[in-house]
Amino acid sequence: MVKMAANEEKQQGHRPGIYKQKNKGHKHGKHRTKGEIERLNKGRVSVMALTKKQRKEQRKMDRRHKANQLRKNKKAMVLTEKRRLGSRDGPPHLVAVVSLHAAADAGAVTKLLRGEDAGGVVHQEQCISGVTDSFGLILPRFKQRFTFLSQNTADIHALLDVAKIADSIVFAVDSTEGWDSYGEYCLSCLFAQGLPSHALVCQGVTDLPVKKRVDSRRALSKIIDARFPDARLFPLDTEQDATLLLRHLGTQRQRKLGYRSRRSHLLAQHVTFVPNGLAEGTGGGPTGLGTLCVSGYVRGHSLRADRLVHISGHGDFQVIQIDAPPDPLPLNLTTHRSAKPGKDVDMTDGGENDNAPVRVLMKSDPSTRESLQTEAEVDPMDGEQTWPTETELLEAEEARKNKRVMKVPKGTSDYQATWIVDDDEDENGEMDEESSEDDDDGMLDDAMDGEDDENNSQALDSSCSSEAEEEEEEEEEEVCSAERGGEEQRYDEHMDEAAEEEGLRLYREARANEMFPDEVDTPLNTPARIRFQRYRGLKSFRSSPWDPMENLPLNYSRIFQFQSYERTRHRVLAEAAAEEEGAMVGWYVTLHMSDVPFSVMESVQSGRPLVLVSLLPHEQKMSVMHLLVRRHPSNTEPIKSKEELVFHCGFRRFRASPIFSQHTSADKHKMERFLRPDSPAVVSVYAPITFSPAGVLLFKHRDDGVQDLVATGSLLSCDPQRVVLKRIVLSGHPFKINRRSAVVRYMFFNREDIMWFKPVELRTKWGRRGHIKEALGTHGHMKCLFDNQLRSQDTVLMNLYKRVYPRWTYDPFVPRSLPWFKRESAVELDDSDME
């Protein structure tokens, strides 16, 4: 027993762990290799090596191998995507031919491309529904297939829609001038939207003398380098030139556009429409809704049946079913080698069996497919309800007894009669509503000085007598001018006087806002505390707090909001990139969409191409979208905030009335009354959600049907909590100055207004800061204290702010734009007219 106790009391020897301190060894002058160190360690691993292993740090050679593997994989992916385009496994190479000059003929370009010497076989005539000048071309020598369409530039909407999905664009330019003014306008729109791979061709070079060909080529290259510094110019006069162009189109590097590579899209090649009444067997006409069947090649990404489909210019629709009909443009090399190049072949010549039944790929499940709900459900009774008090009940009873006798239609009850409003009340109500919703016009009217209005009225009165005296002389001058020539009269006949007056008014407002930014005058007949009751003062625009959830308008209950837009965007795009279900890229499919209006079919029948794009989750819901744009240099007209504009955002096209604000990194942003030409601006608008990146184009629709390009930019974010503040500046004049104290007048005109705005800080144009001390008298004079001596020529200012929101004027229907022509000479306004 004693021996066992002695063994138990014996202590175990200490064994050092991995965290034992190891001092640095003595340098004995010898170098040990890594292999010798590993043999001496006999498998023991230091703490530093363990932590490196946990962090998965690799050796230099391993890192080099990994980088080579990633590089090879990326290169193989790019080559596979490039080789798939136009091959048997991918969609045909979609090429749009666009003429940039009135003398350049796009039809002649397509005629050469389908010639016999080019080696192609025209397999399908009018392969795109609605587009007459379109055909499918198969090149057995290149093992590729193409789809060509000649797009007219007169319809700018159709041109932009085709450019969004085209794999390559062939620009036809003039051999001497390059492109005209309208071609320059089209290029501005295409570059702002995102230009795919392109090539430039010119015709008529062989018609020039031999000595002038080199000079013409050099001058044309100088013009082209300004827009296309890396592009190659192809002469296209013979069919051998067409062969070189086809080889270049099939092998050139494809430019990726972010907004289309993440979404599946297709160009309609065959469209049919079945009205709902005929489909159900109950009868019906073509004016209602129906089922639209669209056939085309899937591009960009795989297409799922439970996603919504957006038709550019028409709206969002649900997919019922996706079919897989036979490929109308098969790449069967054996058959096409026996066919004569340049000749049309029968549709049955391909390797596909056209008589085979159409396979149904997938059907959408009503329980899992995306909903068409665009707005949130609003319950007006969801707020706090209070029971009326006895006083309110008595007042209502007295109002009912003292009501006016009014004429109502026969059979109208007393309850129904209370909802009938007289004409006078209706007009007053509409005026009050307009003034409460948007007081921009009132602000600008108040900004005009009253004294200037009196001077202008006196000048007009004095000019009336002189006009009566000179009336006879003007008539004689008109007769003489009519005899001299009718050019000026014809010019005046086509001038819209109302539009000229409206343009002059906007120009004066923009000029006044630029010289005196945000300054308004206090009205004389309305108290300032009532006129500006929705405004408040801020100690500091940068650091003063403003609750973004305070006093939100009713329209905010109709929109959707993300807790984090960037996090949702990354998640949605990652899930969309990882999806491999549905119709794959390159398949020829037929989409069945329900409840489509007949206007879509009418658009196809009129010759406009039909573009379909699959929407990502949440992209059909309304929210507040913010777009970062910059004024286009070609447009010089003033663009006012809350003015209706036409938007091209990604694949969408709509009309809305936005507001402009400054692009800063603060939590509050100042509203801009006009779109400034010298700095970028953020455009806020109620619109469907779109995940960036996406190009943005803003057009202004004029009264004559022409749409001018106003601004270009990109999608910024979706954030309803972005605070946009409108600022007004009330100005006063120092009347008496006594060192730091001064008596200020002309800012207010009664004592109550001074006491109401007393807590708001004052500032001057020369940098002084102060506050209101007390009111003097009853006519708006007030005593103010400043931080330093005030100068007599200084101006006292008071900044007031209120939060503004865009108007809910979203309209997915955009009228067709007429061709735009540049004015050779513009009417210049005199500076005296601007003052």
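Phe-654 is buried, at 3% relative accessibility; buried here means under 20% relative accessible area, exposed over 50% and partly exposed in between, with a 1.4 Å probe and protein chains only. Before going on: this is a predicted model, where local features need pLDDT of at least 70 and side-chain atom pairs count only at pLDDT 80 or more, while totals for chains, interfaces and linings use all residues. Residues are numbered from 1 along each chain as its sequence is written, and side-chain values use heavy atoms, with hydrogens and water left out.

Now the aromatic pairs. There are 20 of them in the structure. Rings of Phe, Tyr and Trp (its six-membered ring) pair if their centres lie within 6.5 Å; planes under 30 degrees apart are stacked, over 60 edge-to-face, and the rest tilted.

Take Phe-562 and Phe-691: ring centres 6.1 Å apart and planes at 40°, so this pair is tilted. Phe-562 is in the loop between H21 and H22 and Phe-691 in the loop between S22 and S23, so the pair ties together parts 129 residues apart in sequence. Helices (H or I, at least four residues) and strands (E, at least two) are DSSP runs, numbered from the N terminus. Phe-562 is buried at 16%, and Phe-691 is buried at 1%.

Back to Phe-654. With Tyr-810 it forms a tilted pair, 5.2 Å centre to centre and 50° between the planes. Phe-654 belongs to strand S19 (residues 652–656), and Tyr-810 to the loop between strand S30 (796–803) and helix H25 (831–834), so parts 156 residues apart in sequence are tied together. Tyr-810 is partly exposed, at 22%.

Next, the core. A nonpolar core is a set of buried Ala, Val, Leu, Ile, Met, Phe, Trp, Tyr and Cys residues joined through side-chain atoms within 4.5 Å. The largest has 73 residues, and Phe-171, Cys-189 and Phe-228 are among those with the most contacts inside it. Domain 1 (81–251) and domain 3 (554–571 + 621–723) both contribute residues, so this core lies between them; the bounds come from an automatic or database domain assignment. Cys-189 touches Ile-156, Leu-160, Leu-697, Phe-699 and Leu-709, leaving aside residues up to four places away in sequence; contact means heavy atoms within 4.5 Å. Phe-171 and Phe-228 also join Trp-179 and Phe-191 in a cluster linked by ring pairs.

Last, the backbone. Which peptide bond is cis, with omega near 5°? The one from Ser-692 to Pro-693. Pro-693 is in the loop between strand S22 (681–688) and strand S23 (695–701).
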